[in-house]
Amino acid sequence: MLEIKNLSYSVDENGVKKEILKNINLSFSDDKLYVITGNNGSGKSTLLKIIMGIEKQNEGDVLYNKKSLTNMSITERAKEGVSIAFQKPVTFKGLKVKDLLDITAGKSHNLSAMCEILSKVGLCAKDYIDRELDERLSGGEIKRIELAMALSRNAKISLFDEPEAGIDLWSFDNLTQIFSNNKNKINIVVSHQKQILSIADEIILLKNGEVVCKGEKGKVLPLLDGNGCGRLRGEQNG
Amino acid sequence: MDRIDRDLLEKVADLHKVPVGSFNIRKNGEVLARNSTKEIEIIPKENKSGINIKIKSGVKNKSVHIPVLLTLGGFKDLVYNDFYVGDNCDVTIIAGCGIHNNTCKDSQHDGIHSFHIGKNSKVKYIEKHYGSGDGEGKKILNPITKIFMKEGSQVFFESLQIEGVSSTIRKTYVKLSDNCLLNIKENILTTDSQYAKTFFKVELLGENSKCEVVSHSVAKGNSIQEFVSNVIGKNKSFGHVECDGILLDDARVISLPKIDAKSKEASLVHEAAIGKIAGEQVVKLMTLGLTEEEAQQMIIKGFLNF
């Protein structure tokens with residue numbers, strides 16, 4: 001069980017305090033897929049970064065199985081079983097796909113193990129493991145490798161920030177399959193995408209840094225705008 | 001060979017023992033071991049220090065090792081090595097110099113190399129430089145490499161400065177004929193108060209000649225690195241120069257890439273980026289379980305391809 005208690009986060013913008021997240025209280029149970037939705041700037045990505053330890057909240061606590069993660073570094077949280085796939089993946093000049101997959105598992109993979117990992121995202125290991133994870137790969141390829149790295153960590157808490165962004169020709173069905181297969185773990189996905197919302201166990205809607213509504217998909221989905229734009233029905237843009 | 005020799009040989013030529021085939025191991029200005037084969041002949045020069053390496057036309061999948069070791073403080077070694085590669089060859093040449101200096105006097109090795117590459121031949125040339133020893137004496141390497149490429153030939157030149165070289169000025173001159181391909185990868189690490197300057201002049205003389213020069217440098221401590229390149233397109237040709245530097249501590253990297261399209265048909269590109277390690281790269285590796293320090297080491301290791 002992952003719990004977020006009374007969590008607030010603000011930044012200083014030219015001397016003015018800007019609140020990004022306001023008094024967030026959420027709990028995530030094991031073996032469930034949560035989709036966080038909301039307009040741009042609603043604080044979704046920031047919430048994931050706080051869980052991973054990349055940003056630090058001003059107030060409140062993040063607990064995993066009653067143990068506080070708040071004072072843990074990114075590395076300590078990673079070792080505790082938290083993983084993240086970024087919306088815009090980071091590239092590296094000189095580091096090969098296989099180097100990165102080895103880091104994710106903390107051991108050297110053989111070809112068949114790499115095949116197993118990369119085939120989950122529709123890539124053939126032979127074509128990729130010796131390539132550098134740099135801009136010579138397409139945006140879609142980089143994004144899929146990012147997802148593969150996150151999946152290969154066998155994390156207890158998997159965070160995915162807009163996994164569908166830039167996925168190119170690879171079909172959505174494959175992507176949703178990934179989350180459906182990633183069982184017995186806490187999966188938290190940030191997305192606007194209707195198809196991803198439709199496979200959620202629970203949906204959380206954020207607006208201007210606050211939780212507007214949350215609950216089982218069957219309850220929340222009918223309340224949302226049919227276009228899946230991350231807002232309630234009848235609400236105006238922005 | 002003693003322990004220091006073996007260590008240097010391993011570092012600069014990946015050799016754990018005397019290699020098979022053609023080789024020439026030079027130590028402190030003398031020949032330590034040499035072997036010539038019918039296909040790759042090594043002939044000492046008569047009028048000056050150095051060797052001629054003659055590779056017969058059609059020789060494929062063969063390699064030649066010509067490492068240099070310098071273990072005497074205060075010794076200055078100047079050597080001229082000339083390679084004559086026949087037509088239609090496919091060979092690997094492994095050079096490199098290791099200096100061990102435990103004294104307070106400077107040690108220096110200047111290797112002046114020329115390569116005459118025959119038609120349609122493919123040559124991979126690997127040169128590694130390494131310094132060890134705790135003496136105050138500097139370990140200096142100033143190589144000059146001249147490459148003349150005949151029609152349809154390809155040269156893949158990997159130049160690595162692993163560590164421990166106090167000062168280096170390396171100059172490389174290449175002339176390409178029709179349909180030639182030149183690929184240069186340079187990876188240099190400097191630390192403390194070391195200095196490294198590399199200079200490339202590439203003349204794309206032939207039609208459809210192509211060159212790619214990629215330099216990756218990591219500068220630590222107070223070290224300074226300078227990258228100067230001049231790619232001249234005199235025909236329908238393509239040239240790409242890339243210089244990336246990672247800075248740590250108080251180090252400095254200066255990049256001066258010049259491209260000069262003397263033909264309207266030439267297409268030349270240069271890119272240069274210098275800066276500290278990208279914070280987002282460190283964060284990404286930390287999210288995979290590495291500590292901040294491990295992440296930085298991993299990024300540098302990959303960047304330098306060590």
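Two strands are taken to pair if DSSP finds at least two bridges between them. In this predicted model, strand β1 (residues 2–13) of chain A meets that condition with β2(A), to which it is joined by nine bridges in an antiparallel run. Within this pair, Glu13(A) stands opposite Val16(A) of β2(A). The two strands belong to an open sheet of four strands in chain A, with antiparallel pairing and the order β2-β1-β4-β5. Its edge strands are β2 (16–28) and β5 (67–68) of chain A, each of which pairs on one side only. Strands of a sheet pair through backbone hydrogen bonds, in either a parallel or an antiparallel manner. Helix α1 (residues 44–52) of chain A lies across β1, β2 and β4 (59–64) of chain A and runs at about 70° to β2(A).

Helix α3 (residues 97–105) of chain A has Val97(A), Leu100(A), Leu101(A), Ile103(A) and Thr104(A) as its buried residues. Viewed down the axis of α3(A), these buried residues fall within an arc of 155°, so they line one face of the helix. An α-helix has 3.6 residues a turn, so residues three or four places apart point the same way. The buried residues of α3(A) pack against α4 (111–119), α5 (125–128) and α6 (139–152) of chain A, and also against α2 (279–287) of chain B. Just after α3(A), a positive phi of about 70° is found at Gly106(A).

The contact between the chains takes 18 residues from chain A and 17 residues from chain B. On the side of chain A that touches chain B, the elements giving two or more residues are α2 (74–80), β6 (82–85) and α3 of chain A. The largest share of this side, four residues, comes from α2(A). By residue class, the side of chain A that touches chain B divides into ten nonpolar, five polar and three charged residues.

For chain B, the domain assignment gives domain 1 (3–279) and domain 2 (280–306). The centres of domain 1 and domain 2 of chain B, taken over C-alpha atoms, are separated by 28 Å. Nine residues of domain 1 of chain B are in contact with eleven residues of domain 2 of chain B. On the domain 1 side of this contact, β16 (181–190) and β18 (209–219) of chain B are the elements that give two or more residues. The residues of domain 1 of chain B on the side that touches domain 2 of chain B comprise six nonpolar, three polar and no charged residues.

Terms used:
Residues are numbered from 1 along each chain as its sequence is written. Chains are lettered from A and ligands numbered from 1 in the order in which they are written. This is a predicted model: local features need pLDDT of at least 70, side-chain atom pairs count only at pLDDT 80 or more; totals for chains, interfaces and linings use all residues. A residue is buried if 20 or more other C-beta atoms lie within 10 Å of its own, exposed if 12 or fewer, and partly exposed in between; C-beta atoms are placed from the backbone. The arc is that of the directions from the helix axis to the C-beta atoms. Two residues are in contact if their C-beta atoms, placed from the backbone, lie within 7 Å. Domain bounds come from an automatic or database domain assignment. Ala, Val, Leu, Ile, Met, Phe, Trp, Tyr, Cys and Pro count as nonpolar, Asp, Glu, Lys and Arg as charged, and the others, Gly among them, as polar. Axes are lines fitted to C-alpha atoms, for helices over the stretch in contact, and angles run from 0 to 180 degrees between N-to-C directions.
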